[in-house]
Amino acid sequence: MKHTDFSPETAMMGYGYQPELSEGAVKCPVFQTSTFVFRSAEEGKAFFEMAHGKPGHEGEHPGLIYSRINNPDMEILEERLKLWDGGESAAAFSSGMSAIATSLFTFLSPGDVLLYSNPLYGGTHKLVHHVLTHFGVEVIGFSAKDGKAEIEAMLENSGHAGRLKMIYVETPANPTNDLIDIEMCAAIAHAYSGKEKKVLLAVDNTYMGPLWQHPLQQGADIVLYSATKYIGGHSDVIAGAAVGSKPVITKIKKTRTLLGTIIDPHSSWLLMRSLETLKIRMEEAARNANHVARFLKAHPKVEKVYYLGFTAENNPEQVHILEDQYKSFGAMVSFDIQGGEKEAFTFLNNLKHIKLAVSLGGTESLAEHPFSMTHADVPATEKNALGVTEKMVRLSVGIENYKDILWDIEQALEKVHINETEWA
Ligand SMILES: Cc1ncc(COP(=O)(O)O)c(C=O)c1O
């Protein structure tokens, strides 16, 4: 049996680390250093040649140079990150946004077209609309309701279909849990690729973490993560990751070195520690989320629950995507409360255990109001059209005893007084 035959959850305990290089320490120490000593000037020259991809070093492993280029904690973390998605290579970043921005800037040039799914995380939405457009990238959005024919018609009607360079997808969508068909997007990318250019498909897999959806197997070229969420999992680190083929990730790493969006040694170490418990954390959170979703669905003050387990009734046309693409219903649950912002805020202000905070994927349960918080910068008309309204609350379900989570939700809902006319 080869080492790589172990399951990712087994490999997380030691893969890529050689204790004999670190005084026999069972766990990889934090290499808190900005730079590395070369044994000779010739070695330094060779390392730089390898870092810049100069020929003559095929098969050699580039040595350690400087922590904006490489660092042992980061390299071992990257070796482990790629295992969950079955990627050839991974790159770690200082945040999810730096992973996304660095990847987009690597492959997009002025005049290119980016096709993206709606809704996107608010930060990504702003990056796409205010930064990429500023650099001359044309952006075209589609929603989960649009099929292949509609999306291709949209591209053709734009008059710029020939300039399509990248498709960027967030699925399940944050915060509506709408599903986008990755294989369909891969087919569109393929249809618009040619000899002179390959249209790349990037998928933000933050919502499902590396456990429950594997976009590379569905035809994606790049999988992106806010590692701040499930990968970090304890709400104590900001980080990001990109996973894909070696040529694609090598290009992204070159941009990362220039933009300086690399992860630091201590955050890398924290993520390695977190990855050891990734599977058990995520599985427990998903079990708890199922209790929460079913409780909310039966509650008279709740109008609608957005949860993958309810796809058959919420979005019957997306059931085939659920079956083909997902290994779990996940641990993110959004719901519309009867009423509007006032009622949503009353609920949020009365939670006793669940923290009122943005972010997701931590051990603790969190609640927030997407309309005014994570998606504040998305235009209101766009939000309303996508179902992100003032009555929506988003829950990231943690790994506490589920009965305590349900107790908290129930008592906070009791404090919400619904206008008699709206109640009917
Ligand atoms: C789906 C999604 N993608 C990307 C990000 C950005 O990640 P980070 O905050 O680590 O930069 C977030 C943050 O909430 C997110 O929810």
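At what angle do helix α6 and helix α7 pack, and how far apart are their axes? The notes below take this up after a word on the model.

1. Before you start. This is a predicted model, in which local features need pLDDT of at least 70, side-chain atom pairs count only at pLDDT 80 or more, and totals for chains, interfaces and linings use all residues. Residues are numbered from 1 along each chain as its sequence is written.

2. Helices α6 and α7. Helix α6 (residues 148-158) packs against helix α7 (residues 182-191) at about 35°, and their axes are 11 Å apart. Here axes are lines fitted to C-alpha atoms, for helices over the stretch in contact, and angles run from 0 to 180 degrees between N-to-C directions. The crossing is right-handed, a label used if the near helix is turned clockwise from the far one by less than a right angle. On the α6 side, K148, I151 and E152 make the contact, and on the α7 side M184, A187 and I188 do; two residues are in contact if their C-beta atoms, placed from the backbone, lie within 7 Å. Four of these residues are nonpolar, two are charged and none is polar. (Ala, Val, Leu, Ile, Met, Phe, Trp, Tyr, Cys and Pro count as nonpolar, Asp, Glu, Lys and Arg as charged, and the others, Gly among them, as polar.)

3. The whole protein. You will find 17 helices and 12 strands, which are DSSP runs numbered from the N terminus (helices H or I, at least four residues; strands E, at least two). The C-alpha trace spans about 80 × 55 × 40 Å along its principal axes.

4. Two domains. An automatic or database domain assignment sets the bounds: domain 1 covers 7-33 + 71-275, and domain 2 covers 278-423. Their centres, taken over C-alpha atoms, are 25 Å apart. Domain 1 brings 34 residues to the contact and domain 2 brings 36. On the domain 1 side, α5 (122-132), α8 (209-212) and α10 (265-275) each supply at least two residues. That side divides into 15 nonpolar, 14 polar and five charged residues.

5. Helices α11 and α16. Now look at α11 (residues 278-297) and α16 (residues 402-414), whose axes come within 9 Å and cross at roughly 30°. The two are therefore roughly parallel to each other, a term for angles under 35 degrees. Their crossing is right-handed. N288, H291, V292 and F295 of α11 meet Y402, I405, L406 and I409 of α16, giving six nonpolar, two polar and no charged residues.

Technical notes:
Angles under 35 degrees count as roughly parallel, over 145 as roughly antiparallel, 65 to 115 as roughly perpendicular and the rest as oblique.
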